[in-house]
Amino acid sequence: MQMSTALIAVLFCCVIFVINDIKVFKRNNVSNKYSIAEIVGVNAVAPLIFNDQEAANKMLLNLESNPSILNAAIYNKNGNEFAVYRKVGEPSFPFMNKNARRPMFEDQIFIVNYRIFNDKEFLGTVWIRSEVTALKGIIVDYIKVAIFVLLIAIFTTVIVSYFFQKVITNPITAFVKKTKEISEKGDFSLRIPYGSRDEIGILSGEFNNMLLQIKQMETSLKEINAELEERVKLRTLELETANRELRNKSEELVRSNFELEQFAYIASHDLQEPLRTISNFVGLFKKQIVENKFDKSVPQYLNYILGATERMQALITDLLSYSRIGHQKNIQEVDCNEVMQEIIKDFDALIKTSNAKIYVDKLPVIKGHFSEMKSLFQNLLSNAIKFRNKNVEPVISITVQERNKDWLFAVKDNGIGISEAYHDKLFKIFQRLHSQKEFPGTGIGLAQCKKIVELHGGNIWVESTLNIGSTFYFNIPKNGII
Amino acid sequence: MKKKKWYIVFLVFMISHYTHAAKQTEAEEYNLKATFLYNFANFIEWENVLTDESFIIGIIGPSSIKAPLEEIARTKTINNKKIIIREFSRPEDVTFCNILFISEKSLYELNAILEKVPRNTLTVTEKKDYALEGACINFVIVKNKLKFETNLNAIQSAGLKASAQLLKLAIIVN
């Protein structure tokens, strides 16, 4: 397509040139004839001065050698014909009336004239009438040349464009193709092949550099993305853990709230009994005072009141110590043997009184709270001693089994046992299976044990047979309090 | 007697007529010759053309060319120089002229005149074969037209140069 545009341009130029050349040719023709007229005129001065018409005519006859001249004449200053010439076969031409100023053109024939002067004296006019010869021939020649030029142009264009294609267009096309490929596939590891050291080569090299950078950016972007994802995962995990903890804590809170309510209800409920006792007996006492009838049962009344107050005190103390479980923050290394030694010392009187036999294994050192563990063992031991069969000497053993992840403790007694129906209720706070008369107590002990064991991350349960005995099991994880 | 008178009257009339006509033609002829002389000046180159103050045309012998020449001298110049007409009777009297016109009515022989003519003078005559005999230019009538012969040797010896344009129109004699 570019070729045809170029050729049209060349053709256009040729046409312009031809037209111009024809114009120039015509002009040259005119000026040529004018020069001839001038020469004739100059040479006609003498003949005109000396009135030698013969000489003038002879001079005009020389114009025969110029075949394009059809007619010529010399007119003297009066406008009369002095000398005349006409080409063979050409009719005579009357120049007289023509305007002697400009050359005139009619078709292919034109007329020029020259005014003859000798020293400012006007002598006459030379007229020449000629045709523009061989114009057709000239045009044909021009067209021949134009066609020739055109052919050369076509030929050269073909060769040059072929050459340019090889050196310029092809590399560029390959370049473009490759960039398309890269952008379509999105593969920035492709490279543009190049070999030349010219501008295309430099461009290809720089382009490849750019691709390399893009590739690197892509890689680092991927890495950053991966890192980001990792971080997001971590954060999500953390978030999940925190959430879980939160949920746990809130569950705990709910539980503890519930416990608290129960606690408050049962506490007030259990506290009411001694308070009722006190108020009753105080009322009776008051009645006696008012009626002034003191009876033998007054000291008994006071005993009942004292008993009630003692019971209230014990209840409140136990409640307090129950509520205090888990408030100590620091985890210690607790040597359970030490704990047992202290307890046995404390219970010295009780043991002697009950004639209890206590067998203790070598106990481990656990991670936990000392006073809580002491309370735990204390409660279990005291229960074991307390809930003994009549006329049976309590035999109590405290054993431990090392397991993979925890220690399994067992406190075994030969006491009265617990029926299966009550195994669940056992560890609930203030649940008493016996009346105060049978076995005094606040009913908090086992609940406390459960709380302590759970605080240390373990569980407590019982295996028991009525009238045979009970074994209280609890496990303490090795890795301490969660 | 009457017949003879008529003849005489007729004759006289004819003669006078012809004489008048002849006189008219003669005037025309010398007008033309005077013009030619004036025009010769444009086609001849004299040696001292730059230093001369005036252009001198001399006439030796009585001639009818005098009147038209004087007319020309009154109104025109040659190369911006004033034209002066001189008359001479005898060859010894001749002083320098650019052009010396030797009238046919001159009584002297051409050679006698030419001897006394100074150098650089264009001698113009009007008698048959006078160019051959040494005049630079000689007027002749050819087919009722005024023409002139030129003697190139004479022109050259006089130290004059004649334009080719002039020579083209002239009848070259040697």
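This is a predicted model: local features need pLDDT of at least 70, side-chain atom pairs count only at pLDDT 80 or more; totals for chains, interfaces and linings use all residues.
**Note on the salt bridges and the A–B interface**

1. Over all chains, the count comes to 24 salt bridges, where a salt bridge is a side-chain nitrogen of Lys or Arg within 4 Å of a carboxyl oxygen of Asp or Glu. Residues are numbered from 1 along each chain as its sequence is written, chains are lettered from A and ligands numbered from 1 in the order in which they are written, and side-chain values use heavy atoms, with hydrogens and water left out.

2. One pair to look at within chain A is Arg129(A) and Glu90(A), whose closest N and O atoms are 3.2 Å apart in a salt bridge. This pair links distant parts of the chain, 39 residues apart, since Arg129(A) sits in strand β5 (residues 121-131) and Glu90(A) in the loop between β2 (81-86) and β3 (104-106) of chain A; strands here are DSSP runs (E, at least two residues), helices are DSSP runs too (H or I, at least four), and both are numbered from the N terminus. Both Arg129(A) and Glu90(A) are buried, on a scale where buried means under 20% relative accessible area, exposed over 50%, and partly exposed in between (1.4 Å probe, protein chains only).

3. Another salt bridge joins the side chains of Glu402(A) and Lys478(A), at 2.9 Å from N to O. Glu402(A) lies in strand β9 (residues 395-402) of chain A and Lys478(A) in the segment after β12 (469-477), so the pair ties together parts that are 76 residues apart in sequence. Glu402(A) counts as exposed because its relative accessibility is 54%, whereas Lys478(A), with a relative accessible area of 28%, is partly exposed.

4. Chain A also holds a network of salt bridges that links Lys178(A), Glu181(A) and Lys185(A). In chain B, the side chains of Arg90(B) and Glu92(B) meet in a salt bridge of 3.6 Å, N to O; Arg90(B) is partly exposed at 40% relative accessibility, and Glu92(B) is partly exposed at 47%.

5. Where the two chains meet, the contact (heavy atoms within 4.5 Å) takes 12 residues from chain A and 12 residues from chain B. Together the chains bury about 1,100 Å², 55% of it on carbon and sulfur atoms, buried area being the accessible area (1.4 Å probe) that two parts lose on being put together, summed over both. Ile49(A), Phe50(A) and Asp52(A) supply 50% of the area that chain A buries against chain B, more than any other three residues.

6. Across this interface the rule finds 1 salt bridge, in which the side chains of Lys147(B) and Asp52(A) meet at 3.3 Å, N to O. On the side of chain A that touches chain B, the elements giving two or more residues are α1 (2-49) and α2 (53-61) of chain A, and α1(A) gives the most, with 6 residues.

7. Lys147(B) itself lies in strand β8 (residues 145-150) of chain B, and this lysine counts as buried because its relative accessible area is 12%. Leaving aside neighbours within four places in sequence, the residues in contact with Lys147(B) include Asp52(A), Asn138(B), Phe139(B) and Ile171(B).
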